[in-house]
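Here are a few notes to read alongside the model.

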Amino acid sequence: MRKFSLLDGLVVPLDRANVDTDAIIPKQFLKSIKRSGFGPNAFDEWRYLDHGEPGMDNSKRPLNKDFVLNLPRYKGAQILLARENFGCGSSREHAPWALEDFGFIVIIAPSYADIFFNNCFKNGLLPIRLAADKVDALFKAVEANNGYKLKVDLEKQAITAPDGTEYKFEVDAFRKDCLLNGLDDIGLTLQHVGEIKAFEAKHRAAQPWLFA
Amino acid sequence: MSTKTLYDKLWDSHVVQQDADGTALIYIDRQLVHEVTSPQAFEGLKLAQRKPWRTASMLAVPDHNVPTTNRAAGIADPISRLQVETLDANCVEYGVVEFKMNDIRQGIVHVIGPEQGATLPGMTVVCGDSHTSTHGAFAALAHGIGTSEVEHVMATQCLVAKKSKAMLVKVEGALGKGVTAKDIALAVIGKIGTAGGTGYAIEFAGSAIRALSMEGRMTLCNMAIEAGARAGMVAADDTTIAYVKGRPFAPKGGDWDKAVTYWKTLHSDAGAKFDATVELDAAQIKPQVTWGTSPEMVVAVDGCVPDPASASDAVKRGDWERALAYMGLKANTPITEIKIDKVFIGSCTNGRIEDMRAAAAVAKGKKVAANVKLAMVVPGSGLVKQQAEQEGLDKILIAAGFEWRDPGCSMCLAMNDDRLEPGERCAATSNRNFEGRQGQGGRTHLVSPEMAAAAAIAGHFVDVSKE
Ligand code: SF4
């Protein structure tokens, strides 16, 4: 997994609440059996004017010029600023795959759906929770200033705005460690093989029908 | 701690090891697998040259991409077909039990798990699908996971997790005529919002819940995720045990008695502490209809489409305005004046035999309204379909003008050919009314099977509690 520690990235504001995973990556793209290549179809229904299907040449499709991700001033954004309950809906990991493939590294929102939040960390994306009033202030700042960037420091758990304002954020110690070091969860868990086997033996003795 | 919640009991009995910060390894008893979220997990396993830890804990089925008509002809869309074939090939390679597309036992993953007895009380159940919360109806700890986690469970039989907070949703009293588990679910979401359960595991309790059948409890737990909760659950009782008994994967002989003794302990102890409690009076719940693009945008059928001017804040007002524009609705329109174009009865929320019976009971001797272009009933599994046909439900529905399809997810998410055209309005028994969920530009209203069938007959929403 990609390591992450520091980012000085352009911010794009997506000003709606409850952005669901169907919106992040519409279901027709879930037919892929691959993990990569979802970026051009991130937010497909909002980004393009036509109906997208897998296998289309996305560079030839008509863009919805009003959609925020298509505005020239946000081109190359690596930080997605969002509203409440971002990533609600299905468990599809294609959503973080699409965001990552699009070029995002950090998401900032007041809240996230649980499964999506989890899935982000497994794919080198850092979802940051900030209080709603702070997110609101960031929305205003991004909209008011062309080329608005934020510095995100995972080690220090801090976001620094161009005017020097610092926003501290919380992150689970285990997930932070995995992101900083690009660690693979499975490898870590397999260090506990002995404990898993011991648990399994005890569990099997207590509830043999689970192993029938 | 002497008194425990059901969630505490399920959690504690599966902790393999726990770090000081609460990050734990949880042992997983059952992993259900479908074609959409598993190919990358199998591929990951292969690339790392790992083997599944315990193949017998897995049960696989294709459901999202399968056609609901003329199945003998196979899957027309080559990309969908490849996904299903990839599942078949992976199951053969790793020796995973799979109910293939033409197996009578095939169906929606959350319908077949319980139907086969592959979901049992006291289990931890995962699947790369958010509606895995369904299985919590059996006093199981069940939730959806992402594909990386699917691979993780395959390789280690464990999930890295932190314990959630516990929420009690208590529904006391008797449901009125025509009011169902679906209406309880929508009423709960209307009350706490789609993020109200985020960070919680919800236990549904109270006399109205105990009075529900297992199928009703599954409908309710299925929708826990729409309230933001990864897991929903109901205590085990005689209803649970009677449902499980005799199913193919259920314990037998001496194991059965031992299991039942254990299952009877799967309830929250008196006085157990919850981090949050929500109470509803069953008698006050009316048939529900969603009007917008989030399940929390819901009102009783005798209500009206709300006016964004009355929204509590600016973000919400914007959401409501956008939802009304997408849905093609005007504020203050009575729900019963909303005309529909299509009807979809099915999904892992309402695709079980009782749902088929409810739809047939409403449709019996009537005709689908002329303005309804398509009314389809899609059983949740091949066995549900077979049972319905033995009861003659298919004939009743077909005579009324409904289409009777083969089992699968179908128009719940429109990954196969069943979908809405832009602007079409659908009364659906599924669980999500997001923009484009049932087809780009499609407009979904979530309702119970009774309400969907009644809307098909009338051509617009009607209050089934008044029929
Ligand atoms: S029926 Fe719908 S919600 Fe259920 S598993 Fe299928 S697509 Fe998902």
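**Notes on chain B**

1. Let's begin with a pair of helices: α13(B) and α14(B) cross in a right-handed sense. Keep in mind that this is a predicted model. The residues that make the contact are Ile353(B), Met356(B) and Arg357(B) on the α13(B) side, and Val384(B), Gln387(B) and Ala388(B) on the α14(B) side. Sorted by class, that contact comes out as four nonpolar residues, one polar and one charged.

2. Now the geometry of that pair. Helix α13 of chain B covers residues 353–363 and helix α14 of chain B covers residues 382–390; their axes are 9 Å apart and the packing angle is about 40°. Angles under 35 degrees would count as roughly parallel, so α13(B) and α14(B) are classed as oblique to each other.

3. Next, have a look at Leu393(B), which sits in helix α15 (residues 393–399) of chain B. Is Leu393(B) buried or exposed? Its relative accessibility is 7%, so Leu393(B) counts as buried. Beyond its neighbours within four places in sequence, Leu393(B) is in contact with Ile353(B), Met356(B), Arg357(B), Ala360(B) and Ala388(B). Ala375(B) is 18 residues away from Leu393(B) along the chain, and 15 Å separates their C-alpha atoms.

4. The crossing of α6(B) and α8(B) is right-handed. From α6(B), the contact uses Ala181(B), Lys182(B), Ile184(B) and Ala185(B); from α8(B), it uses Gly216(B), Thr219(B) and Leu220(B). By class, these are four nonpolar, two polar and one charged.

5. How many of the residues of helix α4 (residues 109–116) of chain B are buried? Eight of the eight are, so the helix is largely enclosed by the rest of the structure. Among them are Val109(B), His110(B), Glu115(B) and Gln116(B). Just after α4(B) comes Gly117(B), with a positive phi of about 75°.

6. Finally, the ligand. His110(B), listed above among the buried residues of α4(B), is also one of the residues surrounding the ligand. The shell divides into five nonpolar, five polar and two charged residues.

Notes
Residues numbered from 1 in each chain as written. Chains lettered and ligands numbered in written order. Predicted model: local features only at pLDDT ≥ 70, side-chain atom pairs only at ≥ 80, totals over all residues. Heavy atoms only, no water. Near = heavy atom within 4 Å. Nonpolar A, V, L, I, M, F, W, Y, C, P; charged D, E, K, R; others polar. Buried < 20%, exposed > 50% of the residue type's maximum accessible area, 1.4 Å probe, protein only. Helix = DSSP H or I, 4+ residues; strand = E, 2+ residues; numbered from the N terminus. Axes fitted to C-alpha atoms, helices over the stretch in contact; angles between N-to-C directions. Parallel < 35°, antiparallel > 145°, perpendicular 65-115°, else oblique. Left-handed = near helix turned anticlockwise from the far one by under 90°. Contact = heavy atoms within 4.5 Å.
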